[in-house]
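My notes follow in the order I took them.

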Amino acid sequence: MCERVMRQLLVGVMIFLGITVPLFAGPQAGQPIRGFVVDETNGEPLPVANVSVVGTSRGSSTNLDGFFLIPAMSPGSYTLQVNYLGYQMTEYEVQVTSEVMSPIKIELKPASFELQEVVYVAEDEDDDAKRESPRVSTVPVDAAAIRAMPALGAEMDVLRAVQAIPGVKASSELSSAPVVRGGSPDMTLILMDQSTVYNPSHMFGIFSTFNGDAVKRLELMKGGFPAEYGGRAGSVLEVTTNDGNRKETEGLVSVGVVAARAALEGPLGNERGSYAISGRRTYFEPALAVMREAFDTDLPDYYFYDGNGKVNFDITPKTTLTVGGYIGLDELDFEFGSDDARALLTTYWGNRTATSRLRHVVGDNAFLTIGLNWSRYRSGAEFWSKNPNTGEDVLIQDFKNRFNDLNLRGDYEYLGWENHKFKTGFMYSSLNTDVINQTEETTYVSIDTTTSNISGYVQDQWRLNALWEIMPGLRTTYHQDGDLLLFDPRFAVVYHQSPEMRFKAAAGRYHQFVNVISAGEALSFFDIWVPADGSVDPTYMDQFVLGWEWDFNRNHEVTIETYYNNMGQVLEYNMNTDEANSLAQAFLQGEGRAYGAEFMVRRKHGRITGWLGYSLSWSERRFPGSEVNNGDWYFPKYDRRHDFMAVVLYDINDRWSVSGQWRYNTGQGYTEAKAWMDYTLDGAPQSSLPNNGISGLYGAKNNYRLPADHRLDISADYKHHFFGLPAKATLSLYNAYNRRAIFTRNYDKSENPPVANDVKLLPILPLVGYEVRF
Amino acid sequence: MNQTMTLNLTGMREWTIRAGFALILMTLLFITGCDSTPTEVEDYEPEAQLTAFLHTGEAIDMINLHWVGRFNRYYDRRDLGIVNASVKIFPVKDADGSDADTTGRVCYFTDHPDSIGDYLPTSVYIPEGLVRYRIEVRKPSEGIDLWAETTSPDTFSFQIYQNDLEVDVDGDTLTREMPDLYIRWSESAGAEGYQAGILATGDPDTLLPLDPNYDPTDENQVEQYENVGYYNYTVAPDYQLSMTIAWLFFTWEGPTRIDIRACSKEYYDYYFSSLMGGSQNPVMNVHGGVGMFGATAVNTFEVFMDRAEPNP
């Protein structure tokens, strides 16, 4: 008990020192220039905008809230130059005196208000600051690119866009869950406005939970991420939603083949705040009902919906409060069987999040964010036997699962030291899992457990000189179950060989405190998130990244990165257990390694933008002493040797734009039988079993690969006016040359010899969508 | 002018170096990235498969020994039977955990005269509850040396209920319009879990579905039932001692056997893992080959399933 208190105290002391040390820092000569960069048209803050002082080497970039600070400026007149992708470069005159200045507000005008040529001459990019910093493997994607990229069902899709980045794979073409650098899907921390999203997909993984209308920007950190992020071993996908228009009310209504969408945003309180709401819902049900009736067949009922809401309000010029939330649900009901013996399967799964954030400019040189966030993932499945004659319903299986994550976090940025960006913070999380798996007679699993996780971090982005910049950091975590105190050191460095070329390196340890038990990507409702319970050590990953970046002209950049990830305490659901009251019983514990190289050439602005990417990678796992591949190393199914992707977005003129995406990847691994044998059951003649009891004698896990796959998706947008309102018609061609990838290969054992049946993915699909803004 | 030329040449040289560097890197990437995972079927490796079950309190009837079949070839265990092997079963631990005295307690087997790969006991041999047995199979000329062990679960009793009333439906005619069958059983010592099975015991070639709307002239319906087996089964862990056998699990008209089997650990692990494992081998206990040597204690009753009249 005493030791536990000491450990908690240690985390607390670290957080306290992180916050208080800057407060006692020595006085700086001069005064800071500080303020917010916002969109002129709607007042939304612009994150990661580049702010430089003309005629000096001084500058800064905005944080996620659009705040920047350039410390210790001598009194005098200065011109600030502000750059942000898609906006006109803006110059802003500022006068520094001996008095501390109030935060200024710099408004940027979108480039589309000017001639297209202006875009070509914009000098810097929004992500320049990060690209030039020690941060590695960080790819920002703005909402415009997400909206422009072709997507299944003409539904813009955030996670599909992420999958077009080298190093990111889908576990299959049907899945939108990202698999980053050989980690398993649960190793990616997915944040939406600081709330963790536990199930990122709708419709069995085909669509992501993020409505593109609600997304302002996203940033993928494929590895080597800084100490401010933690709790997952692999990568971070940070999604920031729209803040809402602070100047005027606007909205959109859209219909597509799959779903209808609507969004509304506008100002609050005399431009002191804003709101943004959006939602979408599928409408398959009427079509399914007609098909059921017409073909006299059993078809399931299915729908999903989601909604986002967010309100911002400036309590004072230095303090802003944001409250937001998300709700999403998938529901599938399937009734089948004969008239006298029916079966009913009802399943559901979905996320809910609620976020509140208070952002405050502290003193002269600091920025504080306090957030209270709640995220819940829930799912369930009930399987009923229905007897229409007796009215007797028998509950064959009842599965319910809730995971609640309630956290309080604080982040404190101190920007008063020249050449430093110091940041510290803490997070307290209460993690609750409630799982029931039962029949009418028996409760197989009943777990209701809550644990706490407290973490703190310090990090500093320190420019040593014009050539070298480092970013050391340390994250420490106390996890209640198992009484664990763990330290995650992080380090990143950049060497600027020239203004256009730089070398980067990063290394760190990353611990993970929640894991998912999954029965495969097709069964989202069976995902069970469980926090580390002390029966097994948390999963960790040691990451090493080397990178080379070359901005060979204003519009083009090249990035080459190599990485090696060593994984310990990797968990894999133990399919052979029928009683799991702890992680040690539910999971096999093993190790893993992933390594590879990624190559990306990107054209950032102009009428034609896009990128070419290539990834060469290996991912391996081993579960010693288990039945999985007899404990030997094997390639998990999302191991792919080659991935090549080309993404092109072309603004032809004011009315027409087209986009295309081509992707080639090595086939997915699968386990093939090496011989046929009998599957025998006591009491059952061989001929009484399905397929006469013929079964495969399987070889090594994933001992074969499906053929390599490639696919082209294209999309065209036509912008026009619909009764005076801006409108857009989208024609999307999925799988344009109709190459049908193999999803899975099965054997029809009713034939002898058994015949291979390939389940193929979608053929060419022309799809349309229509959107009206007001 | 000269200065400009020099600058351009410097630029060209840098470009050449960069392009060369990129080319070398890409070549290395492609060379090292070649896949080693095959896309074609591996060579066939013959392995012997043993299937043998002991039933507590019941005489051993038969075991089977055959080779696994070549992938992508016609498969029939009768074509792959192994003959003239030496097969014996004997106890290794008695119910009290002591080493078993095998004197007079060894069961020897001989080839079935009419069925290649099947072996019959040379004498009546009845396994006892909670005794651990070992099977040994040898045929040195074909490199066969197999062994496996399992422990017979103890016998147990069961009751059948309908609408919470205990009933005796053994031999009765039932329809799916009746209340569901609910079975409760006593714990079987040594059982790792239970298997509940429903076997249609009529002529497999003439079985008719219980679905009152089944139309044998409808090709879709016929196809739907074509590959449905006539044994339906489910699993219960050792702490589950009751089960509703919903009519949903009865598929075929005619005589039907319902059994509850208490399973030895080896058989339960095999059975459970085969249900859950997907494209993963079930947990098998045969050393030197593949297959299952398991033991069960069985309770059985039989009914005649009648098809209900279609709804008007």
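I started with A:Asn735, which sits in the loop between strand 43 (725–734) and strand 44 of chain A; helices (H or I, at least four residues) and strands (E, at least two) are DSSP runs, numbered from the N terminus. Before going on, I noted that this is a predicted model, where local features need pLDDT of at least 70, side-chain atom pairs count only at pLDDT 80 or more, and totals for chains, interfaces and linings use all residues. Residues are numbered from 1 along each chain as its sequence is written, and chains are lettered from A and ligands numbered from 1 in the order in which they are written.

A:Asn735 is not a glycine, yet its phi is positive, about 55 degrees. The cut-offs are 20 or more other C-beta atoms within 10 Å for buried, 12 or fewer for exposed, and partly exposed in between, with C-beta atoms placed from the backbone.

B:Asn163 also went into the notebook, with a positive phi of about 50 degrees although it is not a glycine. Its loop runs between strand 9 (158–162) and strand 10 (165–167) of chain B. Is B:Asn163 buried or exposed? It has 11 C-beta neighbours inside 10 Å, so B:Asn163 counts as exposed.

A:Pro753 belongs to the loop between strand 44 (742–748) and strand 45 (755–760) of chain A.

**The cores**

Next I checked the nonpolar cores, meaning sets of buried Ala, Val, Leu, Ile, Met, Phe, Trp, Tyr and Cys residues joined through C-beta atoms within 7 Å. The largest has 79 residues, and those with the most contacts inside it are A:Trp676, B:Leu50, B:Leu65, B:Val137 and B:Val286. Strand 17 (residues 290–306) of chain B gives the most to this core, seven residues. Why does the core lie between domain 1 and domain 2 of chain B? Domain 1 (48–151) and domain 2 (158–264 + 296–306) both give residues to it, so it lies between them; the bounds come from an automatic or database domain assignment.

I then listed the contacts of B:Val137 (C-beta atoms, placed from the backbone, within 7 Å). Leaving aside neighbours within four places in sequence, B:Val137 touches B:Leu50, B:Leu65, B:Ala85, B:Val87, B:Ile144 and B:Leu146. A second, separate core of 71 residues includes A:Ala145, A:Ala148, A:Leu189 and A:Val197.

**Domain to domain, chain to chain**

Within chain B, the C-alpha centres of domain 1 and domain 2 are 29 Å apart. Their contact takes seven residues from domain 1 and six residues from domain 2. On the domain 1 side, strand 1 (48–55) and strand 8 (144–151) of chain B are the elements that give two or more residues.

The contact between the chains takes 65 residues from chain B and 56 residues from chain A. Helix 3 of chain B gives the largest share of the chain B side, seven residues.

Last, I looked at A:Trp676 again: its bridge partner in strand 3 of chain B is B:Gly69. Two bridges join strand 39 (residues 673–678) of chain A to strand 3 of chain B, and the strands run antiparallel; DSSP must find at least two bridges for two strands to pair.

Technical notes. Contact = placed C-beta atoms within 7 Å.
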